[in-house]
Amino acid sequence: MNYDDHFSDLGPAPPTKNNYFRAYPLIFFIIVFVSSTIILSLIFGYFFLLKRKNKKAELQMISTSYEDVFKIWNYDGRILFEDIIKATEDFDIKYCIGTGGYGSVYKAELSGGKVVAVKKLHRSELCFFNNFQNESHLLSQIRHRNIVKLYGFCLHRRCMFFIYEYMERGSLFCVLRNDEEVTELDWKKRVNIIKSVAHALSYLHHDCVPPVVHRDISSNNILLNSELETSVADFGLARLLNFDSSNRTMMAGTYGYIAPELAYTMIVTEKCDVYSFGVLILEVLMGTHPRDLLSSLSFPSTQHRMLIDLLDPRLLPPVDKKDVQNIVLVSAIAFACLHSKPESRPTMQCICKKLLTGKPMEKSFQEITISKLGYSEW
């Protein structure tokens with residue numbers, strides 16, 4: 001018996017590598033189909049779980065943000081979302097004490113008797129959410145006696161709002177335009193308001209790392225309490241200055257206070273706040289926005305205007321020597337801040353030093369014109 005006869009009784013030989021697929025086409029198809037189904041199921045399952053995970057993470061973020069209200073709250077007891085809704089009757093208009101571009105402010109008296117201000121953002125669009133994140137992040141970290149105190153914030157499905165200390169007298173803008181209330185702002189109090197804002201801005205520019213630019217210094221964003229003490233508010237447009245970037249930005253702020261260079265450079269610096277501060281000083285001294293004065297600063301006739309003629313006519317001219325000296329000093333600071341070239345404006349740190357050291361008067365108050373304030377020497 002030869003070799004082939006010996007193996008003939010064992011049945012047909014198994015298929016080789018070359019004829020395997022031809023021998024078992026159905027088995028091969030089933031294997032490929034099952035394998036593909038398993039792989040596709042794993043892929044779809046992965047993305048399904050990933051989507052659920054991302055959704056869960058988003059909800060967790062909302063929950064965490066809501067919890068953050070209580071982490072920075074300095075009032076006894078936890079404040080729930082329903083407490084704010086109850087205190088404002090679901091943000092009824094009768095509790096509204098002010099409205100701005102990004103939100104409305106409501107007065108809320110809590111169950112314990114404490115009164116707070118609640119700023120509710122108008123909508124939950126991306127730009128509003130960015131402002132919400134910006135303000136909550138900054139105000140939960142910075143601390144200064146002349147910056148409004150943030151008690152808490154809430155990111156809820158129904159709305160977003162901040163909880164601040166309540167400033168009884170409201171905005172400086174409203175007080176300056178109320179003929180009865182404005183008489184309480186004598187020259188000493190007005191100078192103190194200017195000094196308070198200067199210290200707050202110096203803190204933001206020189207004591208924070210990285211520096212913070214407010215970008216919306218205006219009388220609407222300066223708040224006064226019952227003692228007419230001052231706080232800078234509304235940090236929704238604030239920017240952190242990064243030294244390793246160009247700090248380019250879209251133009252933002254309140255018309256009439258925006259530094260002119262932003263119209264063509266779109267680069268935000270501390271000097272943008274300095275310009276706005278200069279406008280604010282003149283508004284405090286004059287009792288109204290100095291738009292006509294600003295538009296005519298380059299005219300020689302404006303430079304010869306008497307300083308005493310610029311002051312708010314609703315108050316008697318200052319007679320106290322210290323008041324007169326302070327008014328001359330802050331007026332010089334104002335016009336130095338309004339320099340058309342940003343690099344020629346003083347820093348807020350320099351301004352605070354000037355406010356501390358004072359400036360001796362060389363002429364009588366009635367003889368001082370804008371050009372004789374000496375602001376160009378800064």
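Helices (H or I, at least four residues) and strands (E, at least two) are DSSP runs, numbered from the N terminus. The model is predicted: local features need pLDDT of at least 70, side-chain atom pairs count only at pLDDT 80 or more, and totals for chains, interfaces and linings use all residues. Residues are numbered from 1 along each chain as its sequence is written, and side-chain values use heavy atoms, with hydrogens and water left out.

**Whole chain**

Start with everything shown. The chain holds 12 helices and 10 strands. Of its 378 residues, 43% count as buried (under 20% relative accessible area; exposed is over 50%, partly exposed in between; 1.4 Å probe, protein chains only). Now think about contacts (heavy atoms within 4.5 Å). Among those between residues at least 6 apart in sequence, 65% join residues at least 24 apart.

**Stop 1: the sheet of 5 strands**

Select E1, E2, E3, E5 and E4. They form an open sheet in the order E1-E2-E3-E5-E4, with antiparallel pairing. Two strands pair if DSSP finds at least two bridges between them. The edges are E1 (96-99) and E4, each pairing on one side only. Neighbouring strands here are turned by 20° against each other on average, direction ignored. For such angles, axes are lines fitted to C-alpha atoms, for helices over the stretch in contact, and angles run from 0 to 180 degrees between N-to-C directions.

How many of its residues are buried? The count is 6 of 6. E4 and E5 run antiparallel and are joined by 5 bridges. A hairpin of 4 residues connects E4 to E5. Pick Gly152; opposite stands Ile163 in E5.

Click Lys120: its bridge partner in E5 is Phe161.

**Stop 2: the sheet of 3 strands**

Select E6, E8 and E9. This open sheet has the order E6-E8-E9, with antiparallel pairing. E6 (170-171) and E9 (230-232) are the edge strands, each pairing on one side only. E8 (residues 222-224) is joined to E9 by 3 bridges, and the two run antiparallel. Leu223 stands opposite Ser231 in E9. Now bring in H7: this helix packs on the sheet and touches E8 and E9. The direction of H7 makes about 35° with that of E9.

**Stop 3: along H7**

Keep H7 on screen and pick Ser196, which lies in this helix (residues 187-207). Is Ser196 buried or exposed? Ser196 counts as buried because its relative accessibility is 14%. Which residues does Ser196 contact, leaving aside neighbours within four places in sequence? They are Asn146 and Thr230.

The axes of H7 and H12 come within 8 Å and cross at roughly 145°. This crossing is left-handed (the near helix is turned anticlockwise from the far one by less than a right angle; clockwise would be right-handed). On the H7 side, select Lys195, Ala198, His199, Leu201, Ser202, His205 and His206. On the H12 side, select Met348, Gln349, Ile351, Cys352 and Leu355. Colour this contact by residue type: 6 are nonpolar, 5 polar and 1 charged. Here Ala, Val, Leu, Ile, Met, Phe, Trp, Tyr, Cys and Pro count as nonpolar, Asp, Glu, Lys and Arg as charged, and the others, Gly among them, as polar.

**Stop 4: salt bridges**

A salt bridge is a side-chain nitrogen of Lys or Arg within 4 Å of a carboxyl oxygen of Asp or Glu. By this rule there are 13.

Select Lys189 and Asp186. Their side chains meet in a salt bridge at 3.5 Å, N to O. Lys189 is partly exposed at 31% relative accessibility, and Asp186 is partly exposed at 30%.

Move to Lys188 and Asp323, a salt bridge at 3.5 Å, N to O. This pair links distant parts of the chain: Lys188 is in H7, Asp323 in H11 (residues 321-337), 135 residues apart. Lys188 is partly exposed at 45%, whereas Asp323 is buried at 14%.

Finish at Arg314 and Asp312, whose salt bridge spans 3.0 Å, N to O. Arg314 is partly exposed at 31%; Asp312 is buried at 3%. Salt bridges with shared partners join Asp179, Arg190, Asp312 and Arg314 into one network.
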